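Here are some comments on the model you sent.

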Amino acid sequence: MDRNTALFEYCVRLGDTSLILGQRLSEWCGHGPILEEDIAISNIALDYIGQSRIIYSYAGQIEGKGRSEDDLAYLRDARQFRNLLITEQPNGDFACTMARQYLMSVYLFHLYSSLTSSSDESIRAFAQKSIKEVAYHLRHSADWMLRLGDGTEESHQRLQDAVNKLWYFVDDLFDADEVDADLLSVGIAADMTKIRASWEQDVKALFAEATIQIPSVNNFTRVGSRKGNHTEHLGYILAEMQFLPRAYPGAKW
Amino acid sequence: MSTTRSIAEITKILEEVTDPEVPVLTIADLGILRSVEEKDGLLEITITPTFTGCPAMRVIEEDINQVLNSKGITNFKVRTVIAPAWTTDWMTEEGKRKLREYGIAPPSMSTEEHLKSLLSGKRKPTVCPFCGSNQTHLTSAFGSTACKALHYCDACQQPFEEFKCH
């Protein structure tokens, strides 16, 4: 794989993770448990979609085949998507959405922190812009982890159940491959071993405060997002998200 | 250039373009308008988004097109950049005053102080734009637009918005 192909792949992974998480979260719009949370989740979804637009535009430039951000978002099938498996999982209840938000926010915070010193100018700019938004998302979800985890018996149990379910997808977050290795060697990509160490440190500290147990599911975890091996849920998201531009090719709105 | 107007005059025209979501502020007050330059006979206007997903950006670009076209200026392009990343540190003092008078609390911290406060979870109360009290609390860090947070004033018992530190 040449450097350019690796860079395109890296950008698509970042963009797909943001887009699918944003699309998933937007399902909460109009269904939040309270008005403020409905607005908060919709705002966060919008941030992710904005971030994916920036990195898709750059990916299109790298590829040099004239694909736009919309082409990348709407005209690829599930096997070509590289979003992390956790992002395509159903929202579940509010505790499940907040648990995923927390795990992802810590992850993106450390990933983008590292990418703010990437040797690639565009990735650096993307990270410097996005991390400011991710810091807000992290504060928001961390507050909810504490409220739910250290809250009532029911909120605690729901959050613990959510964490247990999501934990199967934790290894997938850090499943670095030859793309990461190649780009890391020239200072473009983040070192996922370091990101994992920082992530685990933060998550353990917060879980202790929120009285949540770290699950042990080491024998059965799912990876594969970097090769386009998804869970069954992604196809349904794409069917909804891509319907309009697929049914009406060239439609503008 | 197809116009005889100077860069300074064109900048002045552009400084009148307002934010569609916060119409009391101009794109210059907000720091969205980054530069106006002439490059190879073409006028290049550079703008930057507040938040990555801000839907106002397209409207702002259209407003720029419209105001320049109405003055007979057509030989230009609008360029959107994301670096350096926009910060509320760029908001002018005049902008902050206008916001307060409009009923929105201006950003109260520098970007650096704000990031520390976000990560630690400790924050100073935001001063109420209506009564000036600091007996206020944050109801939600996310508001009616990407750039605003929701607060409540315990002194005058009014909900109010804050232009988020960023």
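**Notes on the model**

1. On the other side of H10(A), six residues are exposed: A:Thr193, A:Lys194, A:Gln201, A:Lys204, A:Ala205 and A:Ala208. Please read this, and everything below, as a description of a predicted model.

2. Which residues of H10(A) are buried? They are A:Met192, A:Ile195 and A:Trp199. They cover an arc of only 50° around the axis, so they sit on the same side of H10(A). Their cover includes two helices of chain A, H5 (94-115) and H9 (178-184).

3. The length of H10(A) checks out. Helix H10 of chain A runs over residues 192-209, which is 18 residues. After H10(A) comes A:Thr211, with a positive phi near 55°.

4. Now the contact between the chains. On the chain B side, 19 residues are in contact with 21 residues of chain A. Two elements of chain B, helix H5 (111-120) and strand E5 (136-140), each supply at least two residues of the side that touches chain A. H5(B) gives the largest share, three residues. By class, this side of chain B holds 12 nonpolar and seven polar residues, and no charged residues.

5. Chain B overall. It has five helices and seven strands. Along the sequence the pattern reads α-α-β-β-α-β-α-β-α-β-β-β. The C-alpha atoms of chain B fill a box of roughly 55 × 30 × 25 Å along the principal axes. Of the 166 residues in chain B, 38% are buried. Among contacts in chain B with a separation of 6 or more, 55% join residues 24 or more positions apart.

6. The sheet in chain B. Four strands form an open sheet in the order E4-E7-E6-E5, and the pairing is mixed. Strands E4 (104-105) and E5 of chain B are the edge strands, each pairing on one side only.

7. One bridge can be named: B:Ala149 has B:Glu162 in E7(B) as its partner.

8. Two backbone points in chain B deserve a look. B:Gln157 is not a glycine, yet has a positive phi of about 55°. B:Gln157 is placed in the loop between E6 and E7 of chain B. B:Gln157 is exposed, because 10 other C-beta atoms lie within 10 Å and the cut-off for exposed is 12 or fewer.

9. The other is B:Asp40. Its phi is also positive, about 50°, and it is not a glycine. B:Asp40 lies in the loop between strands E1 (33-39) and E2 (42-47) of chain B. With 5 other C-beta atoms within 10 Å, B:Asp40 is exposed.

10. Finally, the peptide bond between B:Ala83 and B:Pro84. Is this bond cis or trans? The bond is cis, with omega about -5°. B:Pro84 is found in the loop between strand E3 (76-80) and helix H4 (93-102) of chain B.

How values were computed: Residues numbered from 1 in each chain as written. Chains lettered and ligands numbered in written order. Predicted model: local features only at pLDDT ≥ 70, side-chain atom pairs only at ≥ 80, totals over all residues. Contact = placed C-beta atoms within 7 Å. Nonpolar A, V, L, I, M, F, W, Y, C, P; charged D, E, K, R; others polar. Expected span 1.5 Å × (residues − 1). Buried ≥ 20, exposed ≤ 12 C-beta atoms within 10 Å, placed from the backbone. Arc of directions from axis to C-beta. Pairing = 2+ DSSP bridges.
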